[in-house]
Amino acid sequence: MGTSPNTTPRRTAQRQTIARIITGAPGPLTVEEILAEAQADLPNLGIATVYRTVKLLLASGEIQTVVLPDGVNRYESAELGHHHHFRCRACGKVFDLDGCPVKLPANMKLPGGFVVEAHELTLFGTCPDCQ
Ligand SMILES: [Zn+2]
Ligand SMILES: [Zn+2]
């Protein structure tokens with residue numbers, strides 16, 4: 001451990017690169033996907049640094065965790081509004097969808113006395129690249 005490990009120029013470059021990759025991606029990314037992208041700019045980057053940097057970005061509120069039905073943690077910009085995800089069954093990538101395909105009315109009542117306040121939705125299929 002150095003004296004100020006989070007303020008060295010190298011750490012700053014790592015953090016900026018990883019934040020840019022996550023916020024610029026077409027969908028939420030796994031740590032492995034972040035590593036693969038970041039190594040184009042930072043060939044010596046290791047998985048432990050990606051984990052540590054993701055933790056810092058979560059703590060600072062810049063990114064948020066997405067957990068899809070596969071149970072794998074993915075990360076995306078914390079500034080995205082209400083949206084849903086599409087997982088390609090061929091390549092495994094996850095994409096953000098524009099808009100809400102469900103558009104449930106607020107406080108919709110369901111049979112049995114249930115009042116809907118929110119929803120999460122993951123769609124599965126084939127992405128444009130895999131069709
Ligand atoms: Zn695909
Ligand atoms: Zn929705």
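Analyst: Happy to. A donor here is an N, O or S atom within 2.8 Å of the metal, and water is not among the atoms, so sites may look incomplete. Bear in mind that this is a predicted model.

In it, the zinc ion (ligand 2) is coordinated at 1.9 to 2.2 Å by the NE2 atoms of His82, His84 and His119, together with SG of Cys100. The angles among these four donor atoms run from 101 to 119 degrees, and the site is tetrahedral. It counts as such because all angles lie between 85 and 135 degrees. For comparison, the ideal angle for four tetrahedral donors is 109.5 degrees.

Along the chain, the donors of the zinc ion (ligand 2) are spaced as H-x1-H-x15-C-x18-H. How buried or exposed is each of the two? His84 has a relative accessible area of 2% and His119 one of 24%. Since buried means under 20%, with partly exposed lying between that and 50%, His84 is buried, whereas His119 is partly exposed.

Strand E3 also has a part in the largest pocket, where E1 and E3 each supply at least two residues of the lining. His83, His85 and Glu120 are among the residues nearest the centre of this pocket, which is lined by 17 residues and holds about 300 Å³ of space.

Key:
Residues are numbered from 1 along each chain as its sequence is written. Chains are lettered from A and ligands numbered from 1 in the order in which they are written. This is a predicted model: local features need pLDDT of at least 70, side-chain atom pairs count only at pLDDT 80 or more; totals for chains, interfaces and linings use all residues. Side-chain values use heavy atoms; hydrogens and water are left out. Donors are N, O and S atoms within 2.8 Å of the metal (3.2 Å for Na, K and Ca); water is not among the atoms, so sites may look incomplete. Four donors count as tetrahedral if all angles lie between 85 and 135 degrees; four count as square planar and six as octahedral if opposite donors are over 155 degrees apart and all others between 65 and 115; anything else is irregular. Buried means under 20% relative accessible area, exposed over 50%, partly exposed in between (1.4 Å probe, protein chains only). On a 1 Å grid over the protein atoms alone, a cavity is a set of points where a 1.4 Å probe fits but cannot get out, and a pocket is an open set with protein on both sides within 12 Å along at least five of seven lines; lining residues have an atom within 4 Å of a point. Grid points are joined across faces, edges and corners, and a volume is the space filled by probe spheres set on the points. Helices (H or I, at least four residues) and strands (E, at least two) are DSSP runs, numbered from the N terminus.
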